[in-house]
Amino acid sequence: MTQKIVVEDVYKIFGPRPDQAKQLIEQGLSKDEIFAQTSATVGVQRASFGIEEGEIFVVMGLSGSGKSTMVRMLNRLIDPTYGAVKIDGNDITKMSTEDLIQLRRRDMSMVFQSFALMPHQTVIENAGFGLELAGVDKAERDQRALAALEQVGLKANANSYPSELSGGMKQRVGLARALAVDPTILLMDEAFSALDPLIRTQMQDELIQLQKEHARTVVFISHDLDEAMRIGDRIAIMEQGMVVQIGTPDEIVTNPANDYVRSFFHGVDVTKVFTGGDLARKDFVSVIDDANADPGSVREQLQRNGHDSAVLIDGSGNVTGVMTEKSLAAANSLNDAFIKDIEPAGADMSLSEVLSRVAHAGAPVPVVDDNGQYLGSVSQTHLLKTLDRTG
Amino acid sequence: MADPENYQFLNIDLGQYVEDLVDWIQTNLGGLLDAISAAIEFVVANLEGFMLWVHPLVMAAAIIILGFLRVGWGFGIFCIVAMILFFEMTLWPETMSTVAIVLSASFVALLIGGPLGIAMARSDKVEALVRPILDFMQTMPPFVYLIPAAIFFGLGKVPGTIATVVFAMPPAVRLTNLGIRQVHEENIEAGLAFGCTPRQLLTKVQLPLAMPTIMQGVNQTIMLSLSMVVIASMIGAGGLGNVVLTGIQRLNVGLGFEGGLGVVLIAILLDRVTQTFGQSGASGSPLYKYLKAMWWTRSDKDTATSG
């Protein structure tokens, strides 16, 4: 994995005398104190992170946490006051206006919370907006715009005006406009926040589907934890303009960096947020791929690794059986040692379904993907910890 | 009651200064005045010539069709009635003359006012500078403009048009400025995020989105031009204003009413038709949309067979 976007020690300070404000930041003063002293507003401070190529990176925070400012610094709709933003290794803060315009046309596009469609243009003209700016001729523009509309299921509405569409359809046009230029980076600023819950879920699924077909680097701004958990490969949590934690949804839920992060999970039903795939871990099970291995040696291997259960997989990665130290001790072959009545959980299965399987199983339950490939296991202890820390 | 005493301490004679300025302009900027005069004369004379050259019945038919297409059935019928009234009042040449001056003055006002409005929208300094000038232009009684117009450009259609331009321009400037400034921030960001150059931002985002407001300004400019054209008949602008003026001078109620009604009818026609251009997205009457849709399906078929 290469880093598509790298943010290095970026600050955005609105207002006069940013140098003074920066000094106060380094002295550890809060946003409010700095505003009182210098009348400068700290938008983003000390932000450093990298975004991998092809991942969905969610930036989450409450309003005023600087997340919208952050995403706008990635295409320089807002110029960072200090620091560097590198895209494919090029520092865009040092780019000429000309190069920046080319970069915006070629490599990145943006989807907005309130859609920001052009009301005087038809759906197909809106979808072809980026291409029009880049000077692509009308025939090619219409063809590519139509292809993008087809991806979002709006081909039939190509000649409608935005005012004739529902909110969900408008945002599909917004998405098609962003996809039509075939960007490598997609910036989505609260893109689904203005939609009603049902349509929102639908759009999230579609985004995930689009990512499966063609993995782009997506930076998604959201204030909604459910959304972040559903679509994010990794999540960055922002508070007072600072990035306080970056991690996978699982890492953030199980190891919140501070009370602010923890407060996000209050009242959130994690059994709906998480799937079996999110919880599956391999760090406490030994994976055995030799069906004829001696139970004794497997047991030794478990003791050596400090694990208490093992999973046997066949040559194609499918799970054959689950064994514990106890069952191995009494068995003559691995086949004898298999724990009865353990059925692997699917990666897409909701946590509430996984919960009942894990609760009734005598050993960690293996999780498999759509093709039956082993992904990891869920133990009772691990599951309880997840529920406890987030409840 | 106190006697009207003289409290003039500083001996500033504003009126005298203005007169001096006018004298200075007349002696030193004669060439410029002639150039302006020639340009305005060219526009007004040609437009009026054209409108009177077209056969009245053809022109009337064109106006009626425009009414049907842009506004709707009811307004189309109104247009028919209005045309019959103009013919019955035997005021056709005067009407065309007035329309020519109104359209020329509006055209010039927009030619100056549009760019000025854009400049105001792009710079707060320009806005701070121009705004009081616009206030001044709008609150000054319109009759006052007749004096310098007559001094610089004599009598006739040219000074009439120029006085009209000055009086009618402020709304075009103001509403262009307002329209551009009101464009939603996210639309501007969308334009920039997809790679607009500053010029593209103006022509592809700001102006189209400001168009409904700008068209309100155009509409206001045309309406103000029409009211000023009547006043400008005092310096020989002619047209329907002259009919009204003659009515006043001779205390001829019938003539005054006919001239006045003519102005009202033109106002309604211009107002309704120009307002339809201010709607965003699909504009025009249902009939117009139907014809447009027919045209589109036809041209789609054309491209399908050729491609």
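What relative accessible area does Lys155(A) have, and how exposed is the residue?

Reply: This is a predicted model, in which local features need pLDDT of at least 70 and side-chain atom pairs count only at pLDDT 80 or more, while totals for chains, interfaces and linings use all residues. Residues are numbered from 1 along each chain as its sequence is written, chains are lettered from A and ligands numbered from 1 in the order in which they are written, and side-chain values use heavy atoms, with hydrogens and water left out.

Lys155(A) is partly exposed, with a relative accessible area of 41%; buried means under 20%, exposed over 50%, and partly exposed in between, for a 1.4 Å probe and protein chains only. Lys155(A) lies in the loop between helix H7 (138–151) and helix H8 (167–180) of chain A. Helices (H or I, at least four residues) and strands (E, at least two) are DSSP runs, numbered from the N terminus. Apart from neighbours within four places in sequence, Lys155(A) is in contact (heavy atoms within 4.5 Å) with Leu146(A), Leu149(A) and Glu150(A). The C-alpha atom of Lys155(A) is 8.5 Å from that of Ile124(A), although the two residues are 31 residues apart along the chain.

Helix H3 (residues 67–74) of chain A is mostly covered, with seven of its eight residues buried. Among these are Met70(A) and Leu74(A). Just after H3(A), Arg76(A) takes a positive phi of about 60 degrees. A nonpolar core is a set of buried Ala, Val, Leu, Ile, Met, Phe, Trp, Tyr and Cys residues joined through side-chain atoms within 4.5 Å. The largest such core has 179 residues, and Met70(A), Leu74(A), Met188(A) and Phe220(A) have the most contacts inside it. Its largest share, 14 residues, comes from helix H10 (residues 198–232) of chain B. Met188(A) touches Phe220(A), and also residues including Val111(A) and Leu175(A).

Chain A also has a domain assignment, with bounds from an automatic or database source: domain 1 (3–107 + 183–268) and domain 2 (278–390). The centres of domain 1 and domain 2 of chain A, taken over C-alpha atoms, are 37 Å apart. Five residues from domain 1 of chain A and five residues from domain 2 of chain A take part in the contact. Domain 1 and domain 2 of chain A bury about 570 Å² between them, 50% of it on carbon and sulfur atoms; buried area is the accessible area (1.4 Å probe) that two parts lose on being put together, summed over both. The count of salt bridges between domain 1 and domain 2 of chain A is zero, where a salt bridge is a side-chain nitrogen of Lys or Arg within 4 Å of a carboxyl oxygen of Asp or Glu.

The last topic is the interface between the chains. Chain A contributes 26 residues to the contact and chain B contributes 20 residues. Together, chain A and chain B bury about 2,000 Å², 62% of it on carbon and sulfur atoms. Arg104(A), His120(A) and Leu133(A) supply 24% of the area that chain A buries against chain B, more than any other three residues. Two salt bridges are found across the interface of chain A and chain B. Lys204(B) and Glu132(A) meet through their side chains in a salt bridge (2.9 Å, N to O).
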